[in-house]
Structures are given as structure tokens and as C-alpha cells.
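Visitor: Could you walk me through this structure, one question at a time?
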Amino acid sequence: MLVLADGPSRRVGAAGVWIGRQGDCDLVTQDPAASRRHALVRLTSEGVELVALGREPSTCNGRAVERTAQLADGDQIGVPGLSVTVRIEAAAPVAHAGLVLQRERGGSFGISHTPFVVGGAATADLILKEWPSEPVLRVHLVQGEAFVELCSGDAQLDGVALELGALEALAIDSRITCRGDVFVVAAPHDAVTTAVGAREGLPSRIEIELLPRGGRVAFTLPSGERRVYLADRRLDLIMALLKPPAGHQPGDFIPDDVVRGVVWPRNPSVSRQEINTLIARCRRDLVDAGLAGPHLIERAPGGGGTRFVLAPNAEIVVKR
């Protein structure tokens, strides 16, 4: 929650809270020193983050924030003409789990919210005392799909090694092996259907608003609108896929050489691994905003090209 000095408060959801002079911001300031989109407070898998976007400083507890800052309960955020207090509370679980992790050594654990953290720390959602204190695995539920993320150490999904930070799709009966434990993905016993694999549809319209640092992207889906902020090269990647140079169309696999020319115009020798890393980070931002990033940003079989998966005749709009 962001609590204003005079009492009203605004909950921070998956789309974040935008602060600025523009009328469609979630918190609007009239101060002429504020930019039209001055700051964003958003949820990430690590917690709550302030993104500074304006020409004039955004502050956290009186200190200017250059780009981003992690927020804690009680922090004071300041932008020209507006001051708010951060209040962080534990998320209340939903009534029914989206899926279940069944531990072969015993125990069945429903996933009631996202991200669902597995590790040895007291703050994890599933605590295994012999595991390290940092998060080891995260399970994300987005757009009717489920993805597992390896945060530390080693793990396998159906016998294939997971890469650190990558997001891999889960299905019913998927097997996750980690630190001597095996978890099998299952549907809740009382569920008629399961969230896993039930896609909610593809974007029929994408609106990209260019900002001094990155941009704001709004996706129109059958289930409603989702918005996400993408910084710098992550937005450049989206632009390369959705507004590619002549000879390519949105929804096509855009060759890596074309992506390099848009994202790294002064460095054509960027490796495929660097492209893959950028794609992984962009997918992660989409997942944090409630979008199925690994299925929306798709690599060609064997690599060499990338596409953004769209609904037929999808509309792409760029606002400057």
C-alpha cells in the first residue's frame, strides 16, 4: 500500500502504481516540476521496487534515487508535490491453490499465491530447514500457466538441468529434482480444472509509451489489460520484435542480427548468450506483471531468431 499524507491509500497490484503529472497516472501530482510519468512503484519477485523516471529526483527516505531502490515497510517516497508512505503486509492466500507440489518424501503443498518461494529461510512459503537461507526455487502462476525459476544451486525439471534465473513451464506430473528432494506437480484434489496450461489468450493490442528511461507497455488480452514497465534494452528488444525494420513483420521470428542492430547498434559482435540473457530478463519482467513471458517471447528452434507471439491482426501502437 502507498499511503498519502492526508489519509487515502493505493494498493500496489501487478501493474504497479504510476506517479506523475499525466492524468491517467495512478497517483497524480500537480507540481509542474514533476514529469508526466515521474516514478513507478512495482512488485517484483524480490519485493517492492521504486523506479525513478522523472527529470527531477525521486527520493526514498530523503535520498535521491538514481534508477531503482528496494523498498521496505515504513519507507517514505517523495516526488515533486507528493509524499507517500510504504506499507507492506503479507499477501493473503486465495481460497483454492492453483496447483500442488507433492514431495516424494512426504507432504503435499498447495500454491496459493505467486511467486511461491521454496527455501530454508523463515520468510519462504515452503520452508525446508536443511536448505540454504536464500530462495532456491520460485513458482510463478501467470495467465493460467505455471513456471519454475531456479534462484540458487542446481535443479532439474524432468531430468533436464535448470538454468539460474530462467523460467521453465510446468505441467501436471512435471518432476522437479533439487537438493535431494523430488517434487511432482499435481492439481488440487477438489479442482475441476487446473490453472496449469490453461492459456488465457494472446495480446490483440499492444501500446508502447516511450519514456526517457525505457517505456510503459500495455497489453490488451481477452481477460483484460496488463501493463509493465521495461527499462532501456528490454524495451529496445520489444521494439525490435514488435516494430522491426523493413522486411520483417510483428509476430515473425526476427533474426538475431536484426535484434543486434536495434538493441546494440554500436556493438554488432554481441553474442547469442547476451541476447538470451536479455530475453530471460524481459520474460521475467513480464511474469512479474502477470504475463506468461516465456510463451509470449519465443526463441526459434535452435536459436537464431526471436518473436513476440500475438493474436491474429494484433494492433501495435507506439506513443512518443
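This is a predicted model: local features need pLDDT of at least 70, side-chain atom pairs count only at pLDDT 80 or more; totals for chains, interfaces and linings use all residues.

Guide: Residues are numbered from 1 along each chain as its sequence is written, and side-chain values use heavy atoms, leaving out hydrogens and water.

Visitor: Are H1 and H3 roughly parallel or roughly perpendicular?
Guide: Helices here are DSSP runs of H or I with at least four residues, and strands are E runs of at least two, numbered from the N terminus. The axes of H1 (residues 232–242) and H3 (residues 272–288) come within 10 Å and cross at roughly 95 degrees. Angles of 65 to 115 degrees count as roughly perpendicular, so H1 is, relative to H3, roughly perpendicular.

Visitor: Which residues of H1 make the contact with H3?
Guide: Contact means heavy atoms within 4.5 Å. On the H3 side are Leu-278, Ile-279, Arg-281, Cys-282 and Asp-285, and on the H1 side Arg-233, Arg-234, Leu-237 and Ile-238.

Visitor: Which strand gives the largest share of the lining of the largest cavity?
Guide: On a 1 Å grid over the protein atoms alone, a cavity is a set of points where a 1.4 Å probe fits but cannot get out, and lining residues have an atom within 4 Å of a point. The largest cavity has 13 lining residues. S5 (39–44), S25 (224–230) and H3 each supply at least two. The largest share, four residues, comes from S5.

Methods:
Axes are lines fitted to C-alpha atoms, for helices over the stretch in contact, and angles run from 0 to 180 degrees between N-to-C directions. Angles under 35 degrees count as roughly parallel, over 145 as roughly antiparallel, 65 to 115 as roughly perpendicular and the rest as oblique. On a 1 Å grid over the protein atoms alone, a cavity is a set of points where a 1.4 Å probe fits but cannot get out, and a pocket is an open set with protein on both sides within 12 Å along at least five of seven lines; lining residues have an atom within 4 Å of a point.
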